[in-house]
Amino acid sequence: MGKKNKIFNSQSPRSFLRFQSVAAAMDDDSTSSFPVPHKKFSILVKESKIDIVICSHDDQLLVIATQIGTMGTIMHARKEEGMLNSPTFNVSVIFGKRDEPMLQSCARQLIEQISNSGSSKSLTLSIGLKDHSMETLKAIVSGVIENRLW
């Protein structure tokens, strides 16, 4: 078993194999089999590893941040422009925890950064964490911004 898969050994075999297949498909060496521009990296927060994958599709960004080897809460964020008012940023939870305002705040910060950089792409953000602290979420936002693909 490869080095990158060891952190997921505690997961159920089915979840582990599913994530292992996704990780193999997104391996940096296999860009020809996965033509969407992407980056994958890990950050360490409070001695806990968080794996992050960023995929840049034509009209949308997909960001997956996980400590648990699964997708977790999935949110969609987009910029809405009105004719008379300044733009607003809409975040909606697609699946998962709807009562976690810090997760929605993370998505809002990322879509604002994406928009302020001149991109019109919307964002799909998946966060699968054990720790939903402000420090952890700030580290994820910083990591994604530093490794931007927009």
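**Fold overview and selected sites**

The protein chain has three helices and six strands, where helices (H or I, at least four residues) and strands (E, at least two) are DSSP runs, numbered from the N terminus. The model is predicted, so local features need pLDDT of at least 70 and side-chain atom pairs count only at pLDDT 80 or more, whereas totals for chains, interfaces and linings use all residues. Residues are numbered from 1 along each chain as its sequence is written, and side-chain values use heavy atoms, with hydrogens and water left out. Read from the N terminus on, the elements follow the order α-β-β-β-β-β-α-β-α. Of the 150 residues of the protein chain, 41% count as buried; buried means under 20% relative accessible area, exposed means over 50%, and partly exposed lies in between (1.4 Å probe, protein chains only). Contacts, defined by heavy atoms within 4.5 Å, can also be sorted by their spacing along the sequence. Among those between residues at least 6 apart in sequence, 51% join residues at least 24 apart.

Helix packing comes next. Two packed helices are described by the angle between their axes and the distance between the axes. Helix α2 (residues 101-116) and helix α3 (residues 134-146) have axes that come within 10 Å and cross at roughly 20°. Here the axes are lines fitted to C-alpha atoms, for helices over the stretch in contact, and angles run from 0 to 180 degrees between N-to-C directions. The two helices, α2 and α3, are therefore roughly parallel to each other, given that angles under 35 degrees count as roughly parallel, over 145 as roughly antiparallel, 65 to 115 as roughly perpendicular and the rest as oblique. The crossing of α2 past α3 is right-handed; that label applies if the near helix is turned clockwise from the far one by less than a right angle, and left-handed applies if anticlockwise. On the α2 side, the contact is made by M102, L103, C106, Q109, L110 and Q113, and on the α3 side by M134, L137, V141, V144 and I145. Sorted by class, this contact of α2 with α3 holds nine nonpolar, two polar and no charged residues. In this scheme Ala, Val, Leu, Ile, Met, Phe, Trp, Tyr, Cys and Pro count as nonpolar, Asp, Glu, Lys and Arg as charged, and the others, Gly among them, as polar.

K39 is found in strand β1 (residues 38-45) and, at 29% relative accessibility, counts as partly exposed. Although K39 and I54 are 15 residues apart in sequence, their C-alpha atoms are 5.3 Å apart in space. Not counting residues up to four places away in sequence, K39 touches I52, V53, I54, N147, R148 and L149. In strand β2 (residues 48-56) sits D51, which counts as buried at 12% relative accessibility. The side chains of D51 and S42 are joined by a polar contact of 2.5 Å. A polar contact is a pair of N or O atoms within 3.5 Å; within protein, one must be able to donate a hydrogen and the other to accept it, and residues adjacent in sequence count only if both atoms are side-chain atoms.

The loop between β1 and β2 contains K46 and also E47. K46 is not a glycine, yet has a positive phi of about 50°. For E47, phi is near 60°, again a positive value in a residue other than glycine. K46 counts as partly exposed at 47% relative accessibility, while E47 is exposed, with a relative accessible area of 77%.

Strand β5 (residues 88-95) includes T88, and F95 is found in strand β5 as well. With 40% relative accessibility, T88 counts as partly exposed. T88 touches R78, K79 and E80, leaving out residues up to four places away in sequence. The C-alpha atoms of T88 and E112 are separated by 9.2 Å, and these residues lie 24 residues apart along the chain. F95 counts as exposed at 54% relative accessibility. Between F95 and G72, 23 residues apart along the chain, the C-alpha separation is 8.0 Å.
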